[in-house]
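Please view the model first.

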Amino acid sequence: MCGIVGYVGADKSIEVLMGGLRRLEYRGYDSAGVAVIDTAGHIDTRKRAGKLQMLVDELAERPLANGATGIGHTRWATHGGPTDGNAHPHLGDDGKLALIHNGIIENFNELKQELLDAGETFFSETDTEVAAIMVGRAYRESGSLYESLRVVVNRLEGAFTLLVMHENEPGVVVGARRNSPLVIGLGDGENFLGSDVAAFVEFTRRAAEIGQDQIVTIRQDSVTVTDFAGAPVDLKEFEISWDASAADKGGWSSFMKKEISEEPEAVAKTLLGRVHDGAVVLDELTPIGDDVLKGIDRIAIVACGTAAYAGMVGKYAIEQWARVPVDVELSHEFRYRDPVLTERTLVISISQSGETMDTMMAVKYAREQGAHTLSICNTQGASIPRESDAVIYTHAGPEVAVASTKAFVAQITALYLFGLKLAELRGTLDAAEIAENVTELSNIPGKLEQVLETSGKIAELAHWMANTRSVLFLGRHVGYPVALEGALKLKELAYIHAEGFAAGELKHGPIALIEPGQVVFVVVPSPRQGSLHPKVVSNIQEIRARGARVIAIAEQGDAAVLPHADEVIPIPLAGRMFEPLLSVVPLHIFGMELAAAKGLDVDQPRNLAKSVTVE
Ligand code: M6R
């Protein structure tokens, strides 16, 4: 959940670290801190509770002398509240060593007691300080930062990325990772470490992966990696496919607004190079192999939050097109309930960040049970794709706002490409049917541009409703996950009660919530799609009769809805399966605008972090 950056290079570490923290702040914003080895060879730190701006102010008041070696951290608090004292870096070896950490050291209580018994003093309530003190003690024995960290990580349990530097080794930062992200940035006369590539993309687009249970040492002109036993590991380089401007606000008032505006592009880029002559080309599936895919008898989709709702949409399409049973499960539930997995099960994980710990553990578990694993992921070099047999990258570009938006439509697009490919392999759709769906998919970016034109109307609605205390969302079929997604956005951004229901479930309980003035968004299926439309229109009448204020998201020209809805937000015509890609956008805009109307921070909602890297 925390953001981590490390640098060795020229005497500009503060600029690099603060730039990196600005781009990583979405990962956690309870506190921030930096440490540098200054030109005189001493470690100096600044750290402050609160958002990164507090650290910026602190540095303006008490500047740090620049240096060529530094580490920086932005925190999402786990152990110990969000205070200055608990902010990272933490120090060891009498202040000669500085350490930052992302993750949870599960055996920290026992290790802390050991250190207290040995006469050590603690200055924070964090689990991290245990590691700082342990590495400091190990350093006094070995005199090698790499060796000290290597010895200590072998004693730690849990998930961690650790970066450490020592006054005696200026020009060196050593990092280690287990179940928590860390990537290397390869520069010219400078090298970087970061929780993700956003930390250093401003300076280099050459990056390299660090595998599970590995230790990396960066110097100005070299990068070496070993495993926890000390055996050398080859670097696996990759090129970052986007540039620094993609991770900037670029004139928009918030990252979220920018990212919603990029939803058409997110779909278009995810399709790019993957459709040809009406067919789907997914070379990424090669590691699993056509024969295995033809033979699978069940798919389990694992994901959390918005990614899980994308999975629910995908289930409808994959089952209909490829005729394989699909279950969608929250990753944290999946792993602990002893699911039935065989060599004929395909587990598809969906994750924007590729670092969600619950999802990563579910994937590992699935592999251990002999299932095949496919990752749908937006972040290059992330952990979940590395744990999977194959990966389909969504190409939505960096998503910085904590609320996921463009990743959702890109994930559905990737699932649809996969569903159509599977249908082709299994012979459940013929070439013409596949081509028809490919055309529908290819037309989505243009239609999304039309949906974005309704932004002004939705903003007005949201601003009128700034004092609303509860909003319900109804949908049916593929509209049901869209309703859940609309409710999640409102909860996390505007901090108001919001719930999504399957419209058919209304009379089984939720209709009791309806009282005069209750706002209900209804995702209405197209009137051209058969029997569901009149049923949802009936639902609208039922809640309207009980005083609900209805905002319908309905196909352009849907005359049957007009008399019963207080407001109608039109979406362009699309096939049933493709409607969620369009109908979700007004709900993304609504959540963002309602939060803005309440004066809330749209990009960094309280208590949250962009990637949830602890269980
Ligand atoms: O990075 P992931 O896609 O794995 O993240 C999953 C969820 O944590 C994420 O979608 C979360 O629910 C968002 N804040 C929703 O907007």
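Which helices each supply at least two residues of the shell around the ligand? Helix 9 (305-322) and helix 16 (479-494) do. Helices here are DSSP runs of H or I with at least four residues, strands are runs of E with at least two, and both are numbered from the N terminus.

The model is predicted: local features need pLDDT of at least 70, side-chain atom pairs count only at pLDDT 80 or more, and totals for chains, interfaces and linings use all residues. Residues are numbered from 1 along each chain as its sequence is written, and side-chain values use heavy atoms, without hydrogens and water.

**Ligand shell**

The shell holds 14 residues, and Ser351, Gln352, Ser353, Thr356 and Glu492 come nearest. A residue is near if one of its heavy atoms lies within 4 Å of the molecule. By class, five are nonpolar, seven polar and two charged. Nonpolar means Ala, Val, Leu, Ile, Met, Phe, Trp, Tyr, Cys or Pro; charged means Asp, Glu, Lys or Arg; the others, Gly among them, are polar.

Domain 2 (249-442) and domain 3 (455-597) both contribute shell residues, so the ligand lies between them. The domain bounds come from an automatic or database assignment.

Polar contacts are pairs of N or O atoms within 3.5 Å.

| Residue | Polar atom | Distance to ligand oxygen |
|---|---|---|
| Thr306 | backbone | 3.1 Å |
| Ser353 | side chain | 2.7 Å |
| Glu492 | side chain | 2.4 Å |

The protein covers 90% of the ligand's own 410 Å² of accessible area (Shrake-Rupley method, 1.4 Å probe).

**Backbone details**

His88 and Pro89 are joined by a cis peptide bond, with omega about 0°. Pro89 sits in the loop between strand 4 (67-75) and strand 5 (90-92). Asp93 is not a glycine, yet has a positive phi of about 45°. Asp93 belongs to the loop between strand 5 and strand 6 (97-105).

Methods:
A polar contact is a pair of N or O atoms within 3.5 Å; within protein, one must be able to donate a hydrogen and the other to accept it, and residues adjacent in sequence count only if both atoms are side-chain atoms.
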